[in-house]
Amino acid sequence: MTIPLKLHVGGMDCAACATKIENAMKRLPGVTDISVSYGQELLSVTLDEDRTSRAVIEGKIRALGYTPAGPDAARTPANNAQPASIPWWRSPRGGLVIGTAALLAVAYIVSHIEPSWATWAYVAATAIGLVPIGRRAIVAALSGTPFSIEMLMSAAALGAVAIGEAPEAALVIFLFSVGELLEGVASSRARAGIRALMDLVPRTARRLRGSDVETVPVEALQIGDVVLVRPGDRVPSDGDVIDGTSGVDEAPVTGESVAVLKEPGSTVYAGSIGIDGELQVRISRTTADNTIARIIHAVEEAQATKAPVARFIETFSQWYTPAAMAVSLLVIVAPPLLFGADWFTWIYRGLAVLLIACPCALVISTPAAVASGLANGARRGLLMKGGAALETLSKVKTVAFDKTGTLTRGKPQITDIVCLAGEENEMLAKAAAVERGSSHPLGLALVAEAERRGLDIPRTFGGSSVTPGKAVTARLKAGFVSVGSPRHAAEKSALTPDQAGRVAALEQAGKTVVVVLQGGQALGMIALRDEPRPDARAGLERLQSLGVRCVMLTGDNARTAMSIGSLLGLDVRAELLPDAKLAAIAAYRAEGPIAMIGDGINDAPALAAASVGIAMGGGTDVALETADVALMKERIEGVGELISLSRATMRNIWQNIALALGLKAIFLVTTLVGSTPLWMAILADTGATVLVTANALRLLRYGRRSPD
């Protein structure tokens, strides 16, 4: 019977670990669709149980030195805390460090008590410490990975014993164990970003049952349950407010720094925090499917995909390791055979070269930085769906914006009220009365403004009637009132030449004007426009300071688009049909990578055509499922943050590569001139790996002190 199988695999630190497990799985009959993610510590396969049992798979993983932790369990804060809380000395690697340290200490003591036994004491320490490492090396070689780090260490240690350097061999084994432990600790730190996201969800919720409040685990919540969220409480899962009003801190989820007012009908997200009032929330998503869970899934999938530079490094390392072993052999045999040099000296130096050649630091240089960059972005509401998107963002030359719902709010706002007769509030109240019940965006804006001012909106008699394209009319106590286009008012001869000129000036500014008429007389005119987002100008200036060209690509009319463009200071291409918008993106892309920012719904073709598509303003569901990047917080500033973070990540990657290869080059030279003992060679490799990982972890703190 064929079944899908997922296993958590503890102890994977880098792509080399994943490769060993993948190669081993390929050798097993009936195991297909193999996927190994060291970032998630997850193995996924399709298993034919009639040919290979799950027990065989787990046994193979253990033989390679890793820990299968059972089937893929539901991700909750409770079971997530368990692996993170294991102290290092209780881990398998911690036990190996303690064991090799004890063996080294015993050998050292014996060598001082009875010097004649010193060599045998160190040989024994080396042999015992080498058993688990050698076993892993043999299993890896038989499973399709002959050039593993364990094989390099085993060859170096045995070679050192063979030439009479048993003390150094024992020290190499100990330092190798310490290095593996440090790599594991560093990798665990790199995964801390995901654990921090998971910890945003509370362990329990206050569920309402009639008038009673019961405390239940968040996993017990079902769609339709009503929960109570008090000030200071975290929202247990996504839902809709059905009662109460409160500010909610959404910064942990969206990165939005300003509290958002929530009232009946508002949507709240798991992990956000109530501030100043009680809310009753009807659950709309279970814990396994809420916003936090989906963000975690998106980040983990992103970490599993490889950036182009990461794929290059992995391919390079596959050739690098056997080439380095060949160089080591050449160092051992060439000087004695060609120049009559001392065999002992050059065997020793060749073994040191073998240790220096370990590719761990190089292999981990890119994925460690990418994982940290992705985790940093997720904490700030910037979701990049893979290393490829992150790498491309760092090279972007042009950013193209849709207008409506992206650069602008997506809803018309009243910008000007010109009262021609009577009082302004009275005129606005009459207009709102006519438009009340309308679904037109302009009508909704009029009603919303009247309600915001607390006006007493008059009652209509018989409802409103619509003259398509011209006006909406209703009978009020004061008589018939209509809200219509300037053309409709002109047909009624209700506007003087001066008033018509005022209308033309407002329309020239890209605004939509409606005229309020009563009994054939113009009471006033109201101008509306879909205004830019408050942060739009600052966000565009940030992009321009990064050397990025900003353009607007919109299907709206040129007058409105140019008006918004002039306000924001960016180039505008308007009245673009979908095909024309795609052609514009293709033209920009020919000049260099381009990012397209849209609402994630009607901009899907343009998002797909760009080098990087960024979804914004289409709601959380769409933002999580559309395009290459999603902005959880609907702010233009997020685009600049994305590009800055991607550039910082790429700088970090190249720093890591320079560290890994630079240290190896330095120690290779010192080894060939006889200045590097074996213990320093292994320490150099371990040190490079730790330095590379520590440098990558700096990205977790990037952006906390300054925008750059």
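Start with a count: this predicted model holds one aromatic pair. Select F344 and Y348: their ring centres are 6.5 Å apart and their planes meet at 25°, so the pair is stacked. (Rings of Phe, Tyr and Trp, the last by its six-membered ring, pair if their centres lie within 6.5 Å; planes under 30 degrees apart are stacked, over 60 edge-to-face, and the rest tilted.)

Now show helix α12, residues 343-356: F344 and Y348 are four residues apart in it, so about one helical turn separates them. (Helices are DSSP runs of H or I with at least four residues, strands are runs of E with at least two, and both are numbered from the N terminus.)

Is Y348 buried or exposed? Y348 is buried, with a relative accessible area of 13%, while F344 is partly exposed at 37%. (Buried means under 20%, exposed over 50%, partly exposed in between, using a 1.4 Å probe and protein chains only.)

Next, select W346 and R349: R349 lies over the face of W346, at 4.7 Å from the ring centre. Then try K262, which lies over the face of Y269, at 5.9 Å from the ring centre. (A charge sits over a ring if NZ of Lys or CZ of Arg is within 6 Å of the ring centre and within 35 degrees of the ring normal.)

Last stop: select V185 in helix α7, residues 166-190. V185 is partly exposed, with a relative accessible area of 43%.

A note on reading the model: residues are numbered from 1 along each chain as its sequence is written, and side-chain values use heavy atoms, leaving out hydrogens and water. Local features need pLDDT of at least 70, side-chain atom pairs count only at pLDDT 80 or more, and totals for chains, interfaces and linings use all residues.
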